[in-house]
Amino acid sequence: METLLQQTVNGLVVGSVYALVALGYTMVYGILGLINFAHGDILMIGALVALEAIRLLQLHAPDLGLIPTLLAGLSISVVVCMILGYTIERTAYRRLRNAPRLAPLITAIGVSFLLQTIAMIIWGRNYHTFPQLVSTTPIEPIAGVFITPVQIVILVVSAVLMVALVLLVNRTRLGRAMRATAENHKVASLMGVDTNKIIAATFIIGSALAAVAGVMFSSNYGIAHYAMGFMPGLKAFTAAVLGGIGNLGGAMLGGLLLGLVESIGAGYIEDLSFGFLNSSYQDIFAFIILGIVLIFRPTGLLGERVADRA
Amino acid sequence: MKLALAGVLVAGSSVSLAQTVVKIGFAGPLTGPIAHVGKDEQYGAQLALDDANAKGVTIGGQKIRFELQAEDDQADPRTATTVAQRLADAGVKGVVGHVTSGASIPASRIYEQSGIPAITPSSTSPKLTQQKFRTTYRVIANDLQQGAAMARFATEVLKAKRIAVIDDRTAYGQGLADALVDSLKKLGTPPVGREFTTDKATDFAAILTKLKAAQPDAVFYGGMDAQGAPLLKQMKQLGIGAKYLGGDGACTAEMIKIAGAAMSSDVYCTQAGIPMDKMPGGKEFNERFKKRFGVSVQLYAPYSYDAATALIEAMKAAGSTDPAKYLPQLQKVSFKGVTGNIAFDASGDSREGGVTLYQFNAGKWEARP
């Protein structure tokens, strides 16, 4: 039982990072019908920029204290990623707005390679130690379950950001414009919505979320690396599809579910398959679930509206 | 001593007309980030040839003088093949090298085709000798021997009874872990858990939680430092108090840097080779090395010395410097080298294959007795 609870906590921590990144995929897909494959690499840039900022702060303002340093580093990285997200949309995707679907998709893959290469040139191929500004020493175990302060921060921050995003989309003017653009951007622009601005805003918000996810990811594992965005990016994309791409609630559900499936899958796959499979099938297990869900619900768990888009 | 040495050299050159010069090749990185390792091994081979020349070697009735032809492979697989071909074309009778497995493996094919024996002082990949080339030899323990040694250390020195094993499913990590598991079974302490990850993973919480239920007193990870360090951290985060054991992929400065505060005296790793002060001829070798080259032994120079000596011993035994004639004798050499007894098994691996256990202590890796 202790093991099951611990696996659930493990899954929720990983899953909430997936969910944050998945929101970025799903928002862009919902509005543009584009899978922005460079999204995972924004997470990586977010982590590495924060690392650089924190190093500089620790060098020039050593008295700042741990949490202010982290918040300052995070803010700088969020701003850099917002600018980066806007720049990518403006230069790489906007010109292809009316091109066949394949063109922006290939461009997205190109942007992903470009970001990785630039990061490799700046930060090298080595793994960097990410400063542990929030403690990674576990607190007193609750019911035998170990959790660290940084993991608690991840759970709380992800939940807060997700609620904030839902409120933004459902309650604000910007959110209404985003929903209108997603529904039909020609009609939305006829109604006086500046769709270019709305699409740019979508990229900016998604990139900010990815930056936060990147900083949390690196804080938890203590490392940062130029290729670190690939795996979380791929998993988050899977989570978005699992939940129903284009649907905010779906991305969150998909992310958490994927984290749980992976964690519990790795923990119990051997017993469930009577020793036939083992934890080297951890990733496959997640994709089997994805396959089964897509067979019975081709638009994902919560994806209704997407059917007529695709 | 310097004067005496100069005297020998002058005497050597003055009678060189009556001697046959035999070229021995050396290949390793002489430029780039690990140039110091390459240079170290080059000096080791050079010292062996100097010693043989000073003593005077007669093979097949001819007085022989050995010369070293050193080439720079930059630890790069492609450069290694070019360099190997250059050595073969220059007519070397044997090669000491290469330094890294990545260079040794592609180069070994060229030596095999040219029929030139090559003994590596420091490449530990099992793949090198698994190619079944008759010209490929090594004087250092390979990764499989390392896994077996770790099993002995874990059970005999560390007294671990419940060992859990994780590997990253790469040729290196899996090879190491499988060798360890085989030996553990033979020693009567089969692993209490066996889990898998990848060399791109960062989250190990799920597999560690599963292993935790088996209450291991030691966890072995077969893989590199970039995954090993986060794995060690996550062990602490999950409250697993077991000892951490790693192979040479974790025996690095990088491991200490990335794992940071998670490092403790409960962290161990193994590395092929034995430290200088544990070698039978280590102390004396280091002194002579310093005198000759003005620098201390870095790493594998004694292995390089023994590799060059093995070539010379085989030539003596065969009474010929022709690779085709002395190759069968190389298989049979057995002598007491600087690093220990030098003898090869059927695949060309070192029979003895010394491995050292390191323990983390006060910010660095420390060799355990």
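Biologist: In which sense do β10(B) and strand β11 of chain B pair, and over how many bridges?
Modeller: This is a predicted model. In it, β10(B) pairs with strand β11 (residues 267–272) of chain B. One bridge partner in β11(B) is B:Val267, which faces B:Tyr244. The pairing is parallel, over three bridges.

Biologist: Which helix does the chain pass through from β10(B) to β11(B), and what is the hand of the crossover?
Modeller: The path makes a β-α-β crossover between β10(B) and β11(B). The crossover is right-handed, and the helix is α10(B).

Biologist: How many bridges join strand β9 of chain B to β10(B), and what is the bridge partner of B:Phe220?
Modeller: Strand β9 covers residues 218–222 of chain B and runs parallel to β10(B). Four bridges join β9(B) and β10(B). In β10(B), B:Phe220 has as its bridge partner B:Leu245.

Biologist: Which element gives the largest share of the side of chain B that touches chain A?
Modeller: On that side, 21 residues of chain B are in contact with 24 residues of chain A. The elements of chain B that give two or more residues are β8 (193–196), α8 (205–212), α9 (225–237) and α10 (253–259). By class, the side has nine nonpolar, five polar and seven charged residues. The largest share, five residues, comes from α8(B).

Biologist: Where is B:Gln215, and is it buried or partly exposed?
Modeller: B:Gln215 sits in the loop between α8 and β9 of chain B. Its phi is near 50°, a positive value in a residue other than glycine. B:Gln215 has 13 other C-beta atoms within 10 Å, so it counts as partly exposed.

Biologist: Is B:Gln74 buried or exposed?
Modeller: B:Gln74 is in the loop between β3 (62–72) and α3 (77–89) of chain B. Phi is positive here too, at about 55°, although B:Gln74 is not a glycine. There are 21 C-beta neighbours inside 10 Å, so B:Gln74 is buried.

Biologist: What kind of peptide bond joins B:Gly97 and B:His98?
Modeller: Most residues other than glycine have a negative phi, and most peptide bonds are trans. B:His98 lies in the loop between β4 (94–97) and α4 of chain B. Between B:Gly97 and B:His98, omega is about -5°. The bond is cis.

Biologist: Which residues is B:Pro106 in contact with, leaving aside its neighbours within four places in sequence?
Modeller: B:Pro106 belongs to helix α4 (residues 101–114) of chain B. It is partly exposed, with 17 other C-beta atoms within 10 Å. The contacts of B:Pro106 are B:Pro77, B:Ala80 and B:Thr81.

Biologist: Turning to chain A, how many helices and strands are there?
Modeller: Along the sequence, the pattern is α-α-α-α-β-α-α-α-α-β-α-α-α. That gives chain A eleven helices and two strands.

Biologist: What is the radius of gyration of chain A?
Modeller: The C-alpha atoms of chain A fill a box of roughly 60 × 55 × 35 Å. For 310 residues the globule rule gives 19 Å, and chain A is close to that, so it is as compact as a globular protein of that length. The radius of gyration is 20 Å.

Biologist: Is A:Ile245 buried or exposed?
Modeller: A:Ile245 lies in the loop between α9 (230–243) and α10 (248–272) of chain A. Around A:Ile245, 26 other C-beta atoms lie within 10 Å, so the residue is buried.

Biologist: Over which residues of chain A does pLDDT stay under 50?
Modeller: Chain A averages a pLDDT of 91, and 98% of the residues score at least 70. Where pLDDT is low, the predicted coordinates should not be read in detail. The stretch under 50 has seven contacts beyond four places in sequence, and it covers residues 306–310.

Note on methods:
Residues numbered from 1 in each chain as written. Chains lettered and ligands numbered in written order. Predicted model: local features only at pLDDT ≥ 70, side-chain atom pairs only at ≥ 80, totals over all residues. Contact = placed C-beta atoms within 7 Å. Nonpolar A, V, L, I, M, F, W, Y, C, P; charged D, E, K, R; others polar. Pairing = 2+ DSSP bridges. Right-handed = clockwise from strand over helix to strand, strands pointing away. Rg over C-alpha atoms; globule rule 2.2 N^0.38 Å. Buried ≥ 20, exposed ≤ 12 C-beta atoms within 10 Å, placed from the backbone. pLDDT = per-residue confidence, 0-100.
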